[in-house]
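Hi everyone, thanks for making the time this morning.

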Amino acid sequence: MTDSATKYKSFDFASNSQWKSYLENFYPVPKGGILEKKKRQWYKKNIDSDFDIEFEPIDSNTSSSNTQPPPENNQSSTSSSQNTSSQQQQ
């Protein structure tokens with residue numbers, strides 16, 4: 001993790017009056033990934049202009065189990081259902 005990312009992770013958003021004021025302008029208050037994106041954008045603009053908002057944190061909460069496997073190819077089931085419907089029409 002870069003020095004800039006480390007500083008971001010340790011930044012105390014809860015006690016920063018500028019952040020709280022910025023957050024009050026949102027209704028409803030963003031949650032989850034949207035809130036994280038807003039935090040990163042605000043941090044880059046107001047605290048550290050060199051901060052990379054696209055960094056991926058490496059910690060126990062963001063393990064590979066959070067990634068989803070690629071979707072299965074269902075062409076065979078689609079084509080078999082098409083064949084069945086065309087057979088029924090004959």
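A word on what you are looking at. This is a predicted model, where local features need pLDDT of at least 70 and side-chain atom pairs count only at pLDDT 80 or more, while totals for chains, interfaces and linings use all residues. Residues are numbered from 1 along each chain as its sequence is written, and side-chain values use heavy atoms, with hydrogens and water left out.

Now the overall layout. The protein chain has four helices and zero strands, giving the pattern α-α-α-α along the sequence. Helices here are DSSP runs of H or I with at least four residues, strands are runs of E with at least two, and both are numbered from the N terminus. Of the 90 residues, 17% count as buried. Buried means under 20% relative accessible area, exposed means over 50%, and partly exposed is in between, with a 1.4 Å probe and protein chains only.

Let's zoom in on helix α3, residues 32-46.

How do α1 and α3 pack? Their angle is about 120°, with the axes 12 Å apart. That makes α1 oblique to α3. Axes are lines fitted to C-alpha atoms, for helices over the stretch in contact, and angles run from 0 to 180 degrees between N-to-C directions. Under 35 degrees counts as roughly parallel, over 145 as roughly antiparallel, 65 to 115 as roughly perpendicular, and the rest as oblique. On the α1 side, S4, K7 and Y8 meet E36, K39, R40 and Y43 of α3; contact means heavy atoms within 4.5 Å.

Next, please find W19, in helix α2, residues 17-23. W19 is buried, at a relative accessible area of 4%. Beyond its neighbours within four places in sequence, W19 is in contact with F13, L35, K38, K39 and W42. Y43 is 24 residues from W19 in sequence, yet their C-alpha atoms are 8.6 Å apart in space.

N16 sits in the loop between α1, residues 3-10, and α2. Is N16 buried or exposed? N16 is buried, with a relative accessible area of 16%. With neighbours within four places again set aside, N16 is in contact with F11 and W42.

Between α2 and α3 you'll find P28, and the peptide bond from Y27 to P28 is cis, with omega near -5°. Then there is E56, in the loop between α3 and α4, residues 75-89. E56 counts as exposed, because its relative accessibility is 65%. The C-alpha atoms of E56 and A5 are 9.0 Å apart, although 51 residues separate the two along the chain.
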